[in-house]
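Please have the model open while you read.

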Amino acid sequence: MDSNSEARSKLFDFDLIEAEDELDAELKRAYARYSDASKNKSEIEIHNYLQDKASQNKKEYNDVVSALLYGALTEPNKTRMFFQSISFVNRDNFASIVTKLQFLIMSIKFQSIRQPVRDQIFWIIGELTNLNVQNVDTLYLCLMRQIRGGDLSPFNISLSEHVLKMLDTHKVWLGTSPRVIATFVYTYLRIIADHKTPQLQGLQQREIRFVLNLMRDKWMFCVPIGRDLIRILYDLKGINEFKQFWDDLLNNPQSISPRFKGIDTILKTPTPKEFLRSRLTPDIEFKLLFILQNLRATQYQRNLNWFVQRFLSTPEAEHYYADVIRYIVAGWYPSNQILQSDIVPRYVVIGGMMRLIKNSIVLSNVKTALIYDWLFFTAADNIMFIEPAMLLMERSAERYPQITSSIMEFLKKSADEFFPPLKDYMASCITCGMRALLSKGVIRSLMPIYQCPTTEPITREYMRSLFSEFLVDDKLQQQSATIQPPINPSDPPAIRSAPSTPKADSSYEHEEIDYSDNQASKKQQTAKLQSSNMTAIKEDEDVDAYLYGDSDMNNEDTDMATPASEDKSELAQTPSLKNEDAIMNDANQGLEIAHEELEPHNLEERIEDEGKEEDEEEEEEDAAGDDGLQSHQSYWIFGDSLKKFKNACADTILALKQNDIERYNEQNMLSKKSLKEIMAVFLRMAIPAETLGSAIGISIRNSIVANLLTHNGVFDKVSSLDDNSVIQDPNKDVFDLIMVTFWSGCSNDASRDKIIRLFSQIAHSKKASKTKRHLIGMRWWSFVASQMQNDASESLNVSEWFPNIINDYIAFVSHSFDAKESTMDQNDYFKDYLKGDLQALAEKNVIQFNHVIPLLYRYLPAVTVGDLDILKLTILMLLPETLSQFACQLHSGELSVFGDQIVSVYDTELLDLSSYEATCLWQLLAAELQGKHDGINSFLKASQIAHIMQTSLMFESVPCLLSMLTSVSPSKDLICSILKIIPGTVKASLPQVQLVMASMQYWSVNASDPLLHSINELATWLTEQLENEEPQGDLAVLLLSIMDLWWKQQATSEWLKKQKLLLSNLYKLSSFTDHTCPKEWSGEPNRKKKRAILPDSDED
């Protein structure tokens, strides 16, 4: 069995019955191709092979990286060699490696990864950390997420130890990653208590020392955790090592951090959901969300029992209850649709868990987890923080009063004793929460609970103490004083306690539920239904059947989820289970492993995923389209061409999927021939573009997606731009035929306009996804770029036709703009649309993007010039050839990249660019500003620019800044601006000082008179300012320091030493500052002291 399992997977230790992992299969296939290609090759030949493959396109690069990663993980003896190969072919700063490792670590099958593979994962992450790779912090977040609370298994202990060791090794890097610090502190504070056994005492002591040192050194990085940080520290204050820290936290917060204002500031900060989610492994969250999102109130109990037995049944795991409850209360909210359905509510799941807890300490911690946010609730907080606790008390009042009593008592004692200095504040927050619950209709009134016969007197006393203002016994409340019964699973969703109007795609992630129901008829209907349900409840029935859904256990006909007796297959094999990747993506949002980090990074993968999701939609659209063909009287004109076209397109896509090249070429040619006949009729007859677009749009969009990876958009010669050549070319598809038809009909305005409208109808169908729309825009610009290459090879002038293409593109996009439905104006809509198309083009073909982008800046300046997003994309994709073209055209004034927004465009995000990209940015900036004195001065004197230059001057920028400064004559304002980029004390080693000194030296040789006049003017002005006690002392000291440093250099120009008046003015200026200037600047001659004559000497 082991040998078979190993043969199936080298990454995972699977049983034979377990399904193969998709990522494992993908990596294995890539490695097999690499192994075949590298057989009998020398090291140099393998290196050349890898470089060639990685340079072809993104798909080949992805295959190479996948193969090398698989080798590094499965062949420990060659791991270093494979990682070196990855470094050699690296094209994306290891982004592909990081993404694949994220998927691997966040898999719900992570615990099945073989031990040697896990060791290699740790080693690779360590190497990526040494290289300071971008987003490597997400790998640590993923690893910590897999550490399970209350689990003392060898796997979990080993993982905890490895993560601790890795972060201890990379302490310097850790100090620069606030997210990792905060998550590490939160995670290990939760698991330290688990490691109290004698065997784990050594590990626990290392964890305690590391966490305490980290909190004392980086406490302000831990503060964003929020109030749950205090909750878990409170649980640990009994450990000797934490006693002093807890005492400092309460009585001497400044000793922890001078900026820390006290424990109350943390208690008033809600804990972000990502921290609460981080304590649930992806596997546990996946199974818990399955219960909360999919199971009805008649079905959930068996799954919940299985969940508790699997993850919470051991004494060590009982402490994990609090983490699970905190996640349910504040880490995940149900959507409107779930609340209005018969899916089991959160409070029922929480109540079901609480009744299984036997340990009083654990139960107390769970109650804290339940009501913790209520103690500090404000009007700005989400009502979902406190909804489960309130509903659990209300629904338990009549038939299960001990639950209501215990929670109410705990709420009162927590307000009094949890943190006495904030006792009054917490009481007001509890009142505020109750006011919100009543105003939003979560409950109708407190009086039914207060007046319920089963409510104990002590509970009523607690209620009077906490909620006296809401216990008003008026007629309205007397009428509604009947306790709402527990949820009857057989009741329709309309009788839920929280009816609300459905909102499309809304969830509590973004907005609060509207609990209110203002329709009187619904209230009457609900009251009648509740009354009938009340009479149906028999006195001797077990209350658990209503509160916790136990009634389903006796129902033989009820559709059950996966039985608890199943082990290996578990919930993951349930037929109705949602797609695991979809659940995982939702579950990982909290760790800020952003969609863009965990979803496919490249365009091809996104389209592939989208194509799978839209298959059913496309079939339905096809059927509707066929009905239209039969009923619309215009279609008979096309004969059988439409039917042939659609069938051929479908066969082409099928042949491509089956890798049947011969059939693909045959059906592709047939589809293009049929489309040629259709287009000929369309252009000749008065057929609306909307009519034809709805008929052929689906087939064309599907063809574009299917051919995305294999399509070659290059047209070798201008003479090949005719429809017959496109039909015969197997590398061209149906969209190429439409583009060629459009291109050949450009001289005919009527034909051009009809085809543009047809383009718009194909791209902007209501059923066409946004990604497919941008694919069509990408193909438009790809075709245009190909024609630009042809014209360049034929020495033709592109500028003769490109402006017309711009106008056609504007018309194409404008047809999709709907002023009534759009949330932006038409200009913003067009700009956003263009960005999407350019992004798609850049991902598909960098060379074609580089052909198009200079002309877009030239002929579409209103959209491109000064736009930060387009600039970032341009910088990331810029090739050296295009950079030189940009530089020449910017220098000659033919186009502009930054425009009037040059200061705002220079965003701090651009500081994170790589060395090559930063060089490109500064060369473009220098080319646009060179020779423009006012532009350079305006750029440098901007406060945000000066600040960035002072704190984060990029070394790549110094040559470009020097070329900018030396391209203009100096002036008082310009010298003042460059002085302000110097950070504090003037030191010759600072790049800012070197830049200023080099500029001064150049000007002293090539612009001596303007320099002399400018420095004199600046010195005189500063002297006048200081005489009038204006605050210009810092600038004066900077000027004097620079001139002093320049004076002392050996290479100082003789020009400076001859400027007596200038030196005298500077010396005068120094008298108003603390700076001491050389005496030579004063202008006074050096006088030798006469020797005194002695009385008895012979001297005269």
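1. **The chain overall.** Please keep in mind that this is a predicted model. The protein chain has 58 helices and zero strands. Of its 1100 residues, 54% are buried. If you take the contacts with a separation of 6 or more, 74% of them join residues 24 or more positions apart.

2. **The largest core.** The largest nonpolar core holds 179 residues, and L128, M215, W219 and W374 touch the most other members. At least three residues come from domain 1 (22–247), and at least three from domain 2 (274–471). A second, separate core has 143 residues, including V740, I755, A942 and A1019. As general background, nonpolar side chains tend to be buried together in soluble globular proteins.

3. **W374 and its surroundings.** What does W374 touch, once neighbours within four places in sequence are left aside? Its partners are I386, A389, M390, M393, L411, C429, I430, G433, M434, L437 and F467.

4. **Helices α54 and α55.** Helix α54 (residues 991–1006) packs on helix α55 (residues 1008–1027) with the axes 5 Å apart and an angle of about 125°. Because of that angle, α54 is oblique to α55. On the α54 side the contact uses M1000, W1003, S1004 and N1006, while α55 brings S1008, L1011 and I1015. Sorted by class, four of these residues are nonpolar, three are polar and none is charged.

5. **Helices α49 and α52.** Are α49 and α52 roughly parallel or roughly antiparallel? Helix α49 (residues 915–929) and helix α52 (residues 957–965) cross at roughly 5°, and their axes come within 9 Å. The two are therefore roughly parallel to each other, since angles under 35 degrees count as such. From α49 the contact takes W922, Q923, L925, A926 and L929, and from α52 it takes S957, C960, L961, S963 and M964. Here the classes come to seven nonpolar, three polar and no charged residues.

6. **Helix α53.** I would also look at helix α53 (residues 972–979), which is mostly covered, with seven of its eight residues buried. Those buried residues are K972, L974, I975, C976, S977, I978 and L979. They pack against α50 (933–941), α52, α54, α55 and α56 (1033–1048). Among these partners, α54 and α55 are the pair from point 4, and α52 belongs to the pair in point 5.

7. **G1033.** G1033 lies in helix α56. Its relative accessibility is 28%, so G1033 counts as partly exposed. L1069 is 36 residues away along the chain, and the C-alpha atoms of G1033 and L1069 are separated by 9.9 Å.

8. **E690.** E690 sits in helix α37 (residues 689–706). With a relative accessible area of 38%, E690 is partly exposed. Not counting residues up to four places away in sequence, E690 touches R757 and Q761. Between E690 and S765 there are 9.5 Å from C-alpha to C-alpha, at a sequence distance of 75 residues.

9. **The loop between α7 and α8.** Which backbone values deserve a look in the loop that holds N132? The phi of N132 is near 55°, which is positive although the residue is not a glycine. N132 lies between α7 (115–130) and α8 (136–145), and a relative accessible area of 52% makes it exposed. N135, in the loop between α7 and α8, has a positive phi of about 70° and is not a glycine either. N135 has a relative accessible area of 28% and is partly exposed.

10. **Q667.** Leaving aside neighbours within four places in sequence, Q667 is in contact with A648, D651 and T652.

Technical notes. Residues numbered from 1 in each chain as written. Predicted model: local features only at pLDDT ≥ 70, side-chain atom pairs only at ≥ 80, totals over all residues. Heavy atoms only, no water. Core = buried A, V, L, I, M, F, W, Y, C linked by side-chain atoms within 4.5 Å. Buried < 20%, exposed > 50% of the residue type's maximum accessible area, 1.4 Å probe, protein only. Domains from an automatic or database assignment. Contact = heavy atoms within 4.5 Å. Axes fitted to C-alpha atoms, helices over the stretch in contact; angles between N-to-C directions. Helix = DSSP H or I, 4+ residues; strand = E, 2+ residues; numbered from the N terminus. Parallel < 35°, antiparallel > 145°, perpendicular 65-115°, else oblique. Nonpolar A, V, L, I, M, F, W, Y, C, P; charged D, E, K, R; others polar.
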